[in-house]
Amino acid sequence: MRFIPTPIDGAFLVELDLRRDERGAFGRTFCEEAFRLAGAPMTVVQANISLTSKAATLRGMHYQAPPHQEPKLVQCVRGRIFDVAIDIRYQSSTYGRIASVELTGGGDHLFFIPAGCAHGFLTLEDDSDVLYYMGAAYAPETPKIISDRDANYVDLQQQGPHRR
């Protein structure tokens, strides 16, 4: 595996080392030790799949609020997506930055998104399926109530890291 940095600190495009022969290809999609050594620590506690039937479907931007932040490893297993992460960690040196990648089913790339970043994607083809390896379990209780202020969000560039 090769970990290619993105504009977000701790987010990586993960390039697989696929071994190919006449039968097809084989490669690791996750190795806890390799991720730790690359600065992308993660223990997989849950895996989810998103099945989307139509192109131009937008999913996101999703994140879990503290203390339930979750790192994600995203893989397109069918179709094609435009995948995006936004750094919403106030203390991050890359706060407000965006990282985006195109992922394809059968491709040799995954997208690692660190805890504390928002994530979403746009399907670029019909029948696009996305597999997520999660570093924390889904916490449906977060949030139950959204304030009028949050429901009418302010763009990150307008809000800035020191205004809340």
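Reply: Strand β6 is joined to strand β11 (residues 117-123) by three bridges, and the two strands run antiparallel. Strands here are DSSP runs of E with at least two residues, helices are runs of H or I with at least four residues, and both are numbered from the N terminus. Two strands count as paired if DSSP finds at least two bridges between them. The model is a predicted one, in which local features need pLDDT of at least 70 and side-chain atom pairs count only at pLDDT 80 or more, while totals for chains, interfaces and linings use all residues. Residues are numbered from 1 along each chain as its sequence is written, and side-chain values use heavy atoms, with hydrogens and water left out.

Within this pair of strands, His62 has His119 of β11 as its bridge partner. The pair belongs to an open sheet of four strands, ordered β6-β11-β8-β9 and paired antiparallel. β6 (58-62) and β9 (98-104) are the edge strands; each has a single partner strand, so one side of each has no neighbour in the sheet. Direction ignored, neighbouring strands of this sheet are turned by 15° against each other on average. Such angles are taken between axes fitted as lines to C-alpha atoms, for helices over the stretch in contact, and run from 0 to 180 degrees between N-to-C directions. As background, strands of a sheet pair through backbone hydrogen bonds, either parallel or antiparallel.

Asp87 lies in strand β8 (residues 80-87). Asp87 counts as buried because its relative accessibility is 0%; buried means under 20% relative accessible area, exposed means over 50%, and partly exposed is in between (1.4 Å probe, protein chains only). The side chain of Asp87 makes a polar contact of 2.6 Å with the side chain of Thr94. A polar contact is a pair of N or O atoms within 3.5 Å; within protein, one must be able to donate a hydrogen and the other to accept it, and residues adjacent in sequence count only if both atoms are side-chain atoms.

There is also a sheet of six strands, again open and antiparallel, in the order β1-β2-β10-β7-β12-β5. Its edges are β1 and β5 (46-52), each of which pairs on one side only. From one strand to the next, the twist averages 25°. β1 is joined to strand β2 (residues 12-15) by four bridges, and these strands run antiparallel. Pro5 stands opposite Phe12 of β2. The hairpin of β1 and β2 has six residues between the strands, and in this hairpin Gly10 takes a positive phi near 90°. Elsewhere in the sheet, three bridges pair β7 with strand β10 (residues 109-113) in the antiparallel sense, and Lys72 stands opposite Ile113 of β10.

Strand β7 (residues 72-78) also holds Arg78. With a relative accessibility of 43%, Arg78 counts as partly exposed. Leaving aside neighbours within four places in sequence, Arg78 is in contact (heavy atoms within 4.5 Å) with Gly105, Asp127, Ser128 and Asp129. The side chain of Arg78 reaches the backbone oxygen of Asp127 at 3.4 Å. Arg78 and Val130 are 52 residues apart along the chain, with 7.2 Å between their C-alpha atoms.

The aromatic rings are a further topic. Rings of Phe, Tyr and Trp (its six-membered ring) pair if their centres lie within 6.5 Å; planes under 30 degrees apart count as stacked, over 60 as edge-to-face and the rest as tilted. This rule gives five aromatic pairs. In one of them, the ring centres of Phe3 and Phe35 are 4.9 Å apart with their planes at 90°, so the pair is edge-to-face. Phe3 lies in strand β1 (residues 2-5) and Phe35 in helix α1 (residues 32-37), so the pair ties together parts that are 32 residues apart in sequence. Phe3 is buried at a relative accessible area of 18%, and Phe35 is buried at 0%. Tyr90 and Tyr95 form a stacked pair, 5.3 Å centre to centre with 25° between the planes. Phe3, Phe12, Phe30, Phe35 and Phe112 form one aromatic cluster.

As for the chain overall, it has three helices and twelve strands. Buried residues make up 37% of its 164 residues.
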